[in-house]
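Reader: I would like to learn how to read a protein model feature by feature. Could you walk me through one?

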Amino acid sequence: MPSGPDSTNDTGLNLMSRKALPRLAWVVVLVAVGWLAVRGLSQPGGAMPAGNADNILRLALPTDVKSLDTAIAYEVESWPLVRLTNQGLLDYGEGADLQPWLAREMPEISRDGRSFTFRIRPGIRFSNGRELMAEDFVYTLERLLDPATRSPGDGFFRNIRGARAFQKAREKDSELARETGAPRERRTAPTRVAGLQALDSHTLRIELEAPDLSFLHVMAMPFTYAVAREQVERWGESYYQHPIGTGPYVLTEWRRSTRLRFARNPYYNDQDRPVRIDGVDVVIGPDELLQQMMFERGELSMLAAIPDPDFIRITTGEQWKDHVVSMPTCAIRYLTMNTEMEPFLDRRVRQAMNHAINKERLLQIIKGQGTAAKSVLPPNMPGYNPALPEYAYNPARARALLAEAGKKGGFEVDLWVSIDDSRNVKIGQAIQQDLGEVGVKVSLKVVSRSVFLESTGTRRKLALALNSWYQDYPDPSNFLDVLLNGERIVNTRSNNRAFYSNPRVNELLKQAAVETDSERRYGLYQEAEKIIVDDAPWLFLFHPRVYLLRQPWLHGLKPHPVWPVRYENLWMERS
């Protein structure tokens, strides 16, 4: 998924007003506004008691999440919140091991690897009191496959038998509705997805077009978490603000760009996964520095990021160092070089770009919160190949490759970065300086998150962009197939933002997708990745490391190899 600092929307003050005041004055104004906002939330009615003495988990986000609809939510920040209200058939244990969740046991899989039968635990109830049925999962999956839903996750489920035919039929229904002005209904056959069947009230069968060893990981994604049809139909387009699920909490308030509140679900009774926190409050708006101030005043239970200016003090000082939790992520920061646009049509130019960047200096800029990337897959990803060659920092080699490609005098290019994280600009400036040393003149184009996403996913729109990716599930296909398969290129909203296509790579990825022998499958992915690294459609930067900070009285905070954080597992205990 688009990850980390690249997964929020941009907010800001009017640019003309900013220019009207000296910089120092604006700093004073911003601090004062932030302080008044926080103090306002701390007063009676704002439910922010001094010292956080109640049993409420208090969090902060710099900007609002886009949606809490399981079919739509696809950001690092939103998925942990979705898990408060919704649940799925499968989940992960303490590692990347899949376990039954709403299913009674792991599914029964047919010999050909194409059929999965799930038996659902009886007695599970939605937060409106209705019992969960197998048909709810059929509805959930058909809904996200319906093009009208515009789910960013529908591509993960097109291997379900009949999914593509169902999508084409629903597109025809939309055309008919536009032509006639009549309400959109399922008129065109097939009206159901053939491979989704509720065999009885608590038995679900899913059939695939082709075997896929990663499918159970796909079924653990929040896109599959059960939703209640009656709630979706009641709220229509605003359902994202009124989600109903079987999770331990229910959303009770969402004041846009201000706060989110969750309270316990009165129908939640999972004895295997009890919850010990009464509610979750999320204040929206404070930046990282303001969040740090709030945390040290006891007004926040934890921080999902430690600001750079405070990083050394927090991680080494006696007061907080024992309350820092850290681990590597299955993620990567990288530059996409558009292989369909000049000057990146030539592989030598792309290789030169990789040799030009001093990654160790980048790691210093981010306070060592990561490891240098030499390829696509993170070191903690199954199938990682430690023997892959890497692009050493070698400006002389970069200049030679540029000369071979007919770019001896260098070239000019815009580097697009998203404004929502100050690190993006710092990283962009360091890259700008390094590339300048080899004759490449880079202009930073800093844009809002929404503009960035639209532009980078549009074919032949821009040449160079700072991107990031956080795994959806722990399988190499989620990086190599999703991000670098040329057969997945689309004209808009493309995840393959380098618009890279190598016929041999595409064929290897196709073979790996249906390979049922794990070792051979990993070998195919490794062969594909070796070609990708040599073709260099990306400039491989670094794999981030996550640092979380908790209050001494907050327990259960353990970074997870799949989920950034699991709020539902936390509890408070004060001495």
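This is a predicted model: local features need pLDDT of at least 70, side-chain atom pairs count only at pLDDT 80 or more; totals for chains, interfaces and linings use all residues.

Reader: What is the peptide bond from E342 to P343 like, cis or trans?

Author: The general idea is that most peptide bonds are trans. The bond from E342 to P343 is cis, with omega near 5°. Another cis peptide bond joins A189 and P190, where omega is about 0°. P190 sits in the loop between α5 (163–180) and β6.

Reader: And how should I read phi? What is the phi of K367, positive or negative?

Author: As a rule, most residues other than glycine have a negative phi. K367 has a positive value, near 60°, and is not a glycine. Its place is in the loop between α11 (359–365) and β14 (370–372). R493 also has a positive phi, of about 55°, although it is not a glycine. You will find R493 in the loop between α15 (477–484) and α16 (503–514).

Reader: Is R493 buried or exposed, and why?

Author: Here we need the cut-offs: buried means under 20% relative accessible area, exposed over 50%, and partly exposed in between (1.4 Å probe, protein chains only). R493 counts as exposed because its relative accessible area is 54%. K367, at 37% relative accessibility, is therefore partly exposed.

Reader: Which class does S67 belong to, buried or exposed?

Author: S67 is buried, because its relative accessible area is 3%. S67 lies in the loop between β1 (56–61) and α3 (78–85). Leaving aside neighbours within four places in sequence, S67 is in contact (heavy atoms within 4.5 Å) with I72, A73, S78, Y240 and W254. The C-alpha atoms of S67 and L81, 14 residues apart along the chain, are separated by 9.9 Å.

Reader: What does G93 touch?

Author: Not counting residues up to four places away in sequence, G93 touches Q99, H560 and R566. G93 is in the loop between β2 (90–92) and β3 (98–100). With a relative accessible area of 6%, G93 is buried.

Reader: Now for sheets. What order do the strands of the open sheet of 4 strands have?

Author: First the general idea: strands of a sheet pair through backbone hydrogen bonds, either parallel or antiparallel. The open sheet of 4 strands has the order β4-β5-β7-β6, with antiparallel pairing; two strands pair if DSSP finds at least two bridges between them. Its edge strands are β4 (108–109) and β6 (196–200), each pairing on one side only.

Reader: How many bridges join β6 to β7?

Author: There are 4 bridges between β6 and β7 (residues 203–207), which run antiparallel. These two strands form a hairpin with 2 residues between them.

Reader: Let us zoom out. How many helices and strands are in the protein?

Author: The protein has 17 helices and 20 strands. Of its 575 residues, 56% count as buried. Among contacts between residues at least 6 apart in sequence, 70% join residues at least 24 apart.

Reader: Why does the radius of gyration agree with a compact globule?

Author: The radius of gyration is taken over C-alpha atoms, and the globule rule is 2.2 Å times the number of residues to the power 0.38. For 575 residues a compact globule would have a value near 25 Å, and the protein has 24 Å, so the two agree. Along the principal axes, the C-alpha atoms fill a box of roughly 70 × 60 × 50 Å.

Note on methods: Residues are numbered from 1 along each chain as its sequence is written. Side-chain values use heavy atoms; hydrogens and water are left out.
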